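The exercises below are to be worked with the sequence and the model open side by side.

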Amino acid sequence: MSFEDDRRRRASTNPEEWFSILLALFATIGGAFFIGYYPDYKPSETGGVAWAVPVWIGFFYLIIQMMFLLFSASQIRALGVLDSVLAIAPVVAGLVILVQIIISPTFNQQISAYQLNSLAVLIVAGASEFLLTIWIRFVLNRRTVAFGGSEM
């Protein structure tokens, strides 16, 4: 195997991984923007269905991410670690906003119950997707992490 073959093999990344990465980044930026810039947003009192919208968006996010993860798990090609690393981004953004709510009394007074619900969905859906990504990478794809050299 030549150096060119090795480099060409490493450069080929599954398209499902890129879609998963982009979806995780979009969910992180969209969720943080929606909660951070509109903390007092709440739907009208007559619209009872609107309160369930963040939960349904979280469910659809998980279903799409599971589909991408299972498609990439069925591939024989090498998988990257960028998808596994960026899967934690929604959780980190949600926890940063949660810490801001706890620390800042002005932001705490502004945040509505609807936005707290959206924040909970962001954290739970992000954590679920991160754990699914790690589980699929290490269990289904039988990937391992090694520290140090081989003793053989």
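This is a predicted model: local features need pLDDT of at least 70, side-chain atom pairs count only at pLDDT 80 or more; totals for chains, interfaces and linings use all residues.

Residues are numbered from 1 along each chain as its sequence is written, and side-chain values use heavy atoms, with hydrogens and water left out.

**Exercise 1. The chain as a whole**

Determine the secondary structure of the chain and the share of its residues that count as buried.

Solution. Step one: helices (H or I, at least four residues) and strands (E, at least two) are DSSP runs, numbered from the N terminus. The chain has seven helices and zero strands. Step two: buried means under 20% relative accessible area, exposed over 50%, and partly exposed in between (1.4 Å probe, protein chains only). By this criterion, 34% of the 152 residues are buried. Step three: contact means heavy atoms within 4.5 Å. Among contacts between residues at least 6 apart in sequence, 87% join residues at least 24 apart.

**Exercise 2. The largest nonpolar core**

List the residues of the largest nonpolar core and find the element that gives the most to this core.

Solution. Step one: a nonpolar core is a set of buried Ala, Val, Leu, Ile, Met, Phe, Trp, Tyr and Cys residues joined through side-chain atoms within 4.5 Å. The largest one has eight residues: I35, I97, I101, F107, I111, L119, L122 and I123. Step two: α5 (89-103) and α7 (113-140) are the elements that give two or more residues to this core. The greatest contribution, three residues, is that of α7. Step three: leaving out residues up to four places away in sequence, I101 touches F107, N108, I111, L116 and L119.

**Exercise 3. Helix α5**

**Exercise 4. The setting of E129**

Is E129 buried or exposed, and with which side chain does its own side chain make a polar contact?

Solution. Step one: E129 lies in helix α7. Its relative accessible area is 1%, so E129 is buried. Step two: a polar contact is a pair of N or O atoms within 3.5 Å; within protein, one must be able to donate a hydrogen and the other to accept it, and residues adjacent in sequence count only if both atoms are side-chain atoms. The side chain of E129 makes such a contact with that of Y61 (3.3 Å). Step three: neighbours within four places in sequence aside, E129 is in contact with S20, Y61, L62, Q65 and A87.

**Exercise 5. Aromatic pairs**

Classify the pair F34 and Y38 and the pair W56 and F59.

Solution. Step one: rings of Phe, Tyr and Trp (its six-membered ring) pair if their centres lie within 6.5 Å; planes under 30 degrees apart count as stacked, over 60 as edge-to-face and the rest as tilted. The whole structure has nine aromatic pairs. Step two: F34 and Y38 are 6.5 Å centre to centre with 50° between the planes, a tilted pair. Step three: the rings of W56 and F59 have centres 5.7 Å apart and planes at 75°, so this pair is edge-to-face. W56 is exposed at 51% relative accessibility, whereas F59 is partly exposed at 43%.
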